[in-house]
Amino acid sequence: MAAQHIFDGGIDPSDICVKREESLRVSKGSAYHADFIITTRSGESSTSGPNRLVLEMQGGGETSDTGKITQRVRKWKNTTEKERTNEQLRAETTANTLVTNAWRRQQEQFLIKGNIAMKTWKGLGIAFCVGTLLYDYLMERLESVNLPDLKDYNWTLALLAFKEDKSRPVEDGPIPLTIDEDRTLYTNYQTFVQALINQGQPTLEAFQGQFCSLENERIDIPF
């Protein structure tokens, strides 16, 4: 699904080629692993985007009240098999997601794996598939940045949000997912990274004022 969205909505699935858990060198004796490397059967893209990409999946993160999820699963488990359905598991809970934790992990993926792709060869790129909560969290922090929309041009980074496909019936098996067409970004990798590191603002007051020495003496230090 993601590969079809990235390369061309009309591309046949048989023309999409994938490598899983491919090693990416970081330093001597150290490596990261790409979730996927994707390309087309010809090794070329029919769009203006990259020919081959690192594809990373970020399903979600921790919650602030996992016990409520556990209770839901336990209740489902204790229901008789005749009455047990997937719909019970798909119902909303009051547990809150810790998006900040998922985002902290994702930043490392953006910076390192994306940089490896950019360094390796022209025509390479990186794509991230994330949940809608993480996508919105990121976009809120970049709303002041005018990231170029390069969907029909020479983009090197794609950000795609996944959501549950509620148009499909509830059936046994995996929860159906679809790409949220209102939450996609195709842009330039270097511009995106620059926007990430430019979020901080000068904070002079943090570097002056009352300090405490290692001998527990309070000292006022002006700038």
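**A sheet, a pocket and a cavity**

Let me start with the second largest pocket. Strand E1 gives the largest share of its lining, seven residues. Keep in mind that this is a predicted model.

So what else lines the second largest pocket? E1, E2, E3, H4 and E4 each supply at least two residues of the lining. The space in this pocket is about 390 Å³. It has 18 lining residues, and the closest to its centre are Glu 22, Leu 24, Ile 37, Thr 120 and Leu 124. By class, the lining has 10 nonpolar, four polar and four charged residues.

Now the sheet. Six strands make an open sheet, in the order E1-E2-E3-E4-E5-E6, with mixed pairing. Which strands stand at the edges? They are E1, residues 16-27, and E6, residues 177-187. Each has a single partner strand, so one side of each is left without a neighbour in the sheet. From one strand to the next, the twist averages 30°.

A quick reminder on pairing. Strands of a sheet pair through backbone hydrogen bonds, either parallel or antiparallel. Here, E2 and E3 pair in the antiparallel sense, over four bridges. Look at Ile 37: it stands opposite Val 54 in E3.

Helix H6, residues 189-197, lies across E4, E5 and E6. Its direction is at about 90° to E6.

Let us go back to E2 and E3, and to the loop between them. Strand E2 covers 30-40, strand E3 covers 52-58, and Ser 45 sits in the loop between the two. Is Ser 45 buried or exposed? Its relative accessible area is 15%. The cut-off for buried is under 20%, so Ser 45 counts as buried. What does Ser 45 touch, leaving aside its neighbours within four places in sequence? It is in contact with Phe 7, Pro 50 and Asn 51.

Last, the cavity. The count comes to one cavity of 30 Å³ or more. The largest cavity holds about 30 Å³ of space. Which helices supply at least two residues each to its lining? Helix H4, 99-120, and helix H5, 132-141, both do. The lining is Trp 103, Gln 106, Phe 110, Val 130, Leu 134, Tyr 135, Leu 138 and Leu 159. Seven of these are nonpolar, one is polar, and none is charged.

How values were computed. Residues are numbered from 1 along each chain as its sequence is written. This is a predicted model: local features need pLDDT of at least 70, side-chain atom pairs count only at pLDDT 80 or more; totals for chains, interfaces and linings use all residues. Side-chain values use heavy atoms; hydrogens and water are left out. Buried means under 20% relative accessible area, exposed over 50%, partly exposed in between (1.4 Å probe, protein chains only). Contact means heavy atoms within 4.5 Å. Two strands pair if DSSP finds at least two bridges between them. Axes are lines fitted to C-alpha atoms, for helices over the stretch in contact, and angles run from 0 to 180 degrees between N-to-C directions. On a 1 Å grid over the protein atoms alone, a cavity is a set of points where a 1.4 Å probe fits but cannot get out, and a pocket is an open set with protein on both sides within 12 Å along at least five of seven lines; lining residues have an atom within 4 Å of a point. Grid points are joined across faces, edges and corners, and a volume is the space filled by probe spheres set on the points. Ala, Val, Leu, Ile, Met, Phe, Trp, Tyr, Cys and Pro count as nonpolar, Asp, Glu, Lys and Arg as charged, and the others, Gly among them, as polar.
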